[in-house]
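Work through the exercises below with the model open. Try each task before reading its solution.

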Amino acid sequence: MTKILVVDDEPTLVATLKYNLEQESFEVFTASDGEAALAIAREHHPDLVVLDLMLPGLSGLDVCRILRKETNIPVIMLTAKGTEVDKVVGLEIGADDYVTKPFGMQELMARVRALLRRAGEAPRPSEAATAGDITLDLSRREAFRAGAAVHLKPKEFELLLYFIRHPGRVFTREQLLNDIWGYEFAGDTRTVDVHIRWLRQKIEDDPSAPIRLVTVRGTGYRFEG
């Protein structure tokens with residue numbers, strides 16, 4: 001049975017999430033603070049974590065940062081905040097998705113299913129993707145450029161792999177959101193721009209004048225390999 005850890009200090013919300021997730025046949029664990037969340041995650045190895053940003057003691061950001069050092073469990077961040085800075089910080093430390101309270105339960109369930117579906121698409125152990133001096137080891141989810149390791153966040157890895165598999169094709173921001181994030185993303189398309197900027201810093205000789213991951217004015221982005 002697929003296991004989900006819900007971490008929030010609002011008992012009513014936790015109970016609502018637990019009920020709805022169990023109706024989808026998930027096994028649900030809950031925690032109301034960061035320390036308990038880490039202990040449960042390490043003991044039960046959930047398949048996905050729904051994690052509130054504002055927690056007593058150890059914050060959601062700290063919990064996500066620690067989880068990312070230990071595992072690639074998909075993480076959906078929940079927060080009452082809605083500024084671009086909060087969203088970028090959450091994504092930068094490795095969250096896979098970001099939902100602002102209040103949110104629709106159907107939307108959250110769709111995001112949960114999408115992340116679980118993508119996490120379950122495990123590649124064959126020997127599979128790799130290459131473009132020029134860039135190599136992605138799909139089984140280990142590691143990236144290399146000219147033989148040197150390149151640290152990519154989960155969505156950076158997926159985005160770069162997508163581009164490598166579709167060289168020369170132009171994608172709109174909306175297409176990338178739908179194909180990489182796995183659902184009709186209700187948020188700001190600047191999420192794509194943020195990840196493109198991070199990728200350029202890691203795969204371009206001069207990120208300010210990219211020659212691999214190029215902008216197609218008025219449309220979106222294209223990968224030249």
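**Exercise 1.** Which polar contact joins the side chains of Asp97 and Arg111, and at what distance in Å?

*Solution.* This is a predicted model, in which local features need pLDDT of at least 70, side-chain atom pairs count only at pLDDT 80 or more, and totals for chains, interfaces and linings use all residues. Residues are numbered from 1 along each chain as its sequence is written, and side-chain values use heavy atoms, with hydrogens and water left out.

Step 1. Apply the criterion: a polar contact is a pair of N or O atoms within 3.5 Å; within protein, one must be able to donate a hydrogen and the other to accept it, and residues adjacent in sequence count only if both atoms are side-chain atoms.
Step 2. The side chains of Asp97 and Arg111 make such a contact at 3.2 Å.
Step 3. Strands are DSSP runs of E, at least two residues; helices are runs of H or I, at least four; both are numbered from the N terminus.
Step 4. Asp97 has a relative accessible area of 2%, so it is buried. Buried means under 20% (1.4 Å probe, protein chains only).
Step 5. Arg111 is buried too, as one of the residues listed for H5.

**Exercise 2.** Check the span of helix H5 against its number of residues.

*Solution.* Step 1. H5 has 15 residues, 105-119. Step 2. The expected span is 1.5 Å times one less than the number of residues. Step 3. That gives 21 Å, and the end C-alpha atoms are 21 Å apart, which agrees.

**Exercise 3.** Describe the surroundings of Asp52.

*Solution.* Step 1. Asp52 is in strand S3, residues 48-52. Step 2. Its relative accessibility is 3%, so Asp52 counts as buried. Step 3. Leave aside neighbours within four places in sequence; the contacts (heavy atoms within 4.5 Å) of Asp52 then include Val7, Asp8, Asp9 and Lys101. Step 4. With the side chain of Lys101, the Asp52 side chain makes a polar contact of 3.2 Å.

Note on methods: Buried means under 20% relative accessible area, exposed over 50%, partly exposed in between (1.4 Å probe, protein chains only).
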